[in-house]
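Subject: Structure handover and notes

Dear colleague,

I am passing on the structure below, together with my notes on what was found in it. Please read the notes with the sequence and the coordinates open beside you.

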Amino acid sequence: MKYILLMAAPKAGFDTYRTWSEKDVQAHFAVLTGINKQLSESGEFVATEGLDWPDQAKIVRGGNNGAPVTDGVFPESKEFLAGYWIVDVESPERAYEIAARISSAPGPGGTALEMPIEVRRIMTRKRDELG
Amino acid sequence: MTDRLLHSSSEHLLRELAPQVLGSVVRRFHDFAASEDAVQEALLAAAVQWPREGVPDNPRGWLIQVAARRITDYLRSEAARRRREAEAALQTSYEMPTTAVENESHHDDTLTLVFMCCHPSLTPSSAIALTLRAVGGLTTAEIANAFLVPEATMAQRISRAKQTIKASGVPFRLPSNQERAQRLRAVLHILYLIFNEGYTSSIGPQLQRLELSHEAIRLTRAVQASLPEDGEVAGLLALMLLTDARRAARTGPDGELIPLTKQDRTLWDRAAISEGVALLTAALSNGSVGAYQLQAAIAAVHDETARAEDTDWPQILALYDLLKRMSSNPMVMLNQAVAAAMVHGPSKGLELLQALDSDSRIVGHYRLASVRAHLLEMAGDHRAAITQYQIAASRTTSIPEQNYLITQAARLRENTAGQRLNLSIAPDKLPDPR
């Protein structure tokens with residue numbers, strides 16, 4: 001069963017991130033890279049991507065001649081997707097376990113960030129044929 | 001390579017031969033992982049050479065020879081590190097089996113291989129991947145494609161499965177008779193899961209999608225050829241054929257789900273139905289009846305009925321009653337409730353569903369809500385039916401199912417609104433309970 005693990009943060013979180021020390025940034029990515037590597041080795045990895053920063057985000061709606069309707073000025077409280085993982089696992093519990101490890105990736109000073117990770121099952125196009 | 005394999009006229013032959021060749025090589029060299037790699041290379045070599053140069057006179061022998069050469073090369077290169085073991089292996093130079101030995105052993109080899117790949121120490125997804133590769137002769141890329149995961153992930157899954165088998169020290173031989181029945185259940189379950197994994201999709205180019213249902217049928221045929229006397233193997237094969245026979249009628253032009261009662265039955269595959277019914281009849285006449293045979297018998301009742309309204313529901317209900325005695329699977333009770341509703345009316349079906357509300361295995365499952373919705377609709381309680389369709393839609397993880405359930409809820413809402421309108425315009429006319 002496939003799950004998507006979504007990492008989101010308010011704009012303030014992204015702004016704070018710019019102030020992290022080099023060591024903290026490296027430690028953070030070392031953990032995430034390690035998780036990716038382990039997911040590949042366990043045969044559970046499907047995809048992961050990081051997204052660019054909220055400064056670059058645009059909202060598009062039909063109309064307006066196809067031009068974005070905002071230039072990226074959003075309320076401070078709005079959460080932005082920072083990145084996601086797609087994993088193919090044996091159980092929902094395993095997806096939660098991976099999400100917890102991602103959430104515990106270290107932030108400034110090596111303290112666990114405990115970022116909320118939203119775990120969502122990915123729907124399939126197959127259906128039960130039997131039984 | 002995928003395209004070449006798929007388009008090649010030798011593809012079918014290669015898949016047929018793959019387990020026999022692998023079985024033969026493993027029996028000789030005892031190293032499952034190395035043999036498996038060598039056979040994959042031989043299959044790829046054949047996929048390239050045969051269409052160009054023609055199929056050799058003894059294709060099985062050709063593949064065994066190429067694989068044996070590869071594995072010898074591999075063992076020779078390993079010799080640098082582990083000279084003594086390798087020397088022992090090299091001393092036993094491989095001899096081509098005679099035709100007599102060949103015919104006698106290849107069914108057993110295929111079966112042994114299936115037992116090995118569906119080993120209980122593997123997770124279902126690993127067992128499925130390994131079975132498709134080792135027994136089905138599919139490339140890692142093809143399997144990855146079928147499950148929509150990257151090739152590297154599938155390669156890792158297969159490689160871990162092989163390590164698990166190696167670590168478990170399973171010898172390459174058929175399980176003992178006592179062990180056989182229990183292991184066979186696991187094998188049949190994996191084949192069943194592969195069949196279930198098959199889906200028709202309205203998206204993506206068909207060529208890139210491996211038909212897993214057909215692959216499951218092919219593998220089950222191979223197991224059935226090895227165990228022709230086993231009623232449950234025949235039952236599973238019959239169940240697959242009788243279910244797959246409805247494939248063309250099961251989805252509409254946009255991939256939407258069409259339930260059994262609404263399907264255009266002229267689209268059903270008569271040849272598959274005949275074969276399934278014949279298999280089932282032969283199996284049932286042998287005496288022992290198992291769960292797969294009963295499910296196949298139920299599928300056969302539907303398949304042999306030309307019009308949905310002529311369905312022999314009392315017979316289907318009787319079969320579900322038997323099935324329920326054999327398995328405590330809540331899905332069986334769910335289907336039994338549907339059959340009971342068709343025979344005795346919706347209130348009887350709804351009453352049976354109540355027993356499932358305390359069953360933790362199914363209480364949150366969309367199928368319970370979906371069946372309840374259908375029965376409530378039959379009973380004319382449209383408002384409750386709409387709620388249940390919506391609950392079911394929010395619980396399913398299948399996009400076609402969800403679209404179907406949302407459509408049902410919408411249809412009922414419109415009908416109910418229409419009825420209210422009718423009532424206010426023509427109060428003397430009673431609304432149609434359907």
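This is a predicted model: local features need pLDDT of at least 70, side-chain atom pairs count only at pLDDT 80 or more; totals for chains, interfaces and linings use all residues.

Residues are numbered from 1 along each chain as its sequence is written, while chains are lettered from A and ligands numbered from 1 in the order in which they are written.

Chain A

Chain A has 3 helices and 4 strands, and read from the N terminus its elements follow the order β-α-α-β-β-α-β. Along the principal axes, the C-alpha atoms of chain A fill a box of roughly 50 × 45 × 20 Å. A residue is called buried if 20 or more other C-beta atoms lie within 10 Å of its own, exposed if 12 or fewer do, and partly exposed in between, with the C-beta atoms placed from the backbone; by that criterion 15% of the 131 residues of chain A are buried. Two residues are in contact if their C-beta atoms, placed from the backbone, lie within 7 Å, and among the contacts in chain A between residues at least 6 apart in sequence, 73% join residues at least 24 apart.

The strands of chain A form an open sheet of 4 strands in the order β2-β3-β1-β4, with antiparallel pairing. Its edge strands are β2 and β4 (117–121), each of which pairs on one side only, and the twist from one strand to the next averages 20 degrees, where axes are lines fitted to C-alpha atoms (for helices over the stretch in contact) and angles run from 0 to 180 degrees between N-to-C directions. Strand β1 (residues 2–10) of chain A is joined to strand β3 (residues 79–88) of chain A by 9 bridges, the two running antiparallel, and here Leu6(A) has Tyr84(A) in β3(A) as its bridge partner. Between β2(A) and β3(A), also antiparallel, there are 5 bridges, and Ala47(A) is partnered by Ile86(A) in β3(A). On the other pairing, 5 bridges join β1(A) to β4(A), again antiparallel, with Ile4(A) standing opposite Arg120(A) in β4(A).

The contact between the chains

The contact takes 17 residues from chain A and 28 residues from chain B. On the side of chain A that touches chain B, α2 (22–41) and β2 (45–50) of chain A each supply at least two residues. By class, that side of chain A has 4 nonpolar, 4 polar and 9 charged residues, where Ala, Val, Leu, Ile, Met, Phe, Trp, Tyr, Cys and Pro count as nonpolar, Asp, Glu, Lys and Arg as charged, and the others, Gly among them, as polar.

Nonpolar cores

A nonpolar core is a set of buried Ala, Val, Leu, Ile, Met, Phe, Trp, Tyr and Cys residues joined through C-beta atoms within 7 Å. The largest such core has 119 residues, and those with the most contacts inside it are Val21(B), Val25(B), Ala67(B) and Leu191(B). A second, separate core of 12 residues includes Tyr3(A), Leu5(A), Met7(A) and Val87(A).

Helix α9 (residues 151–168) of chain B has 18 residues and should span 26 Å at 1.5 Å a residue, which agrees with the 26 Å between its end C-alpha atoms; the expected span is 1.5 Å times one less than the number of residues. Among the buried residues of α9(B) are Met154(B), Ile158(B), Ala161(B) and Ile165(B), and also Arg157(B) and Lys162(B). The helix α9(B) is followed by Gly169(B), whose phi is positive, near 65 degrees. Val170(B) lies in the loop between α9 and α10 (177–197) of chain B and is partly exposed, with 16 other C-beta atoms within 10 Å. Leaving aside neighbours within four places in sequence, Val170(B) is in contact with Met116(B), His119(B) and Ile165(B).

Two residues to check

Most residues other than glycine have a negative phi. Glu114(A), although not a glycine, has a positive phi of about 55 degrees; Glu114(A) lies in the loop between α3 (92–103) and β4 of chain A and is exposed, with 11 other C-beta atoms within 10 Å. His30(B), likewise not a glycine, has a positive phi of about 65 degrees; His30(B) lies in the loop between α2 (11–29) and α3 (32–53) of chain B and is exposed, with 12 other C-beta atoms within 10 Å.

With best regards

Conventions
Two strands pair if DSSP finds at least two bridges between them.
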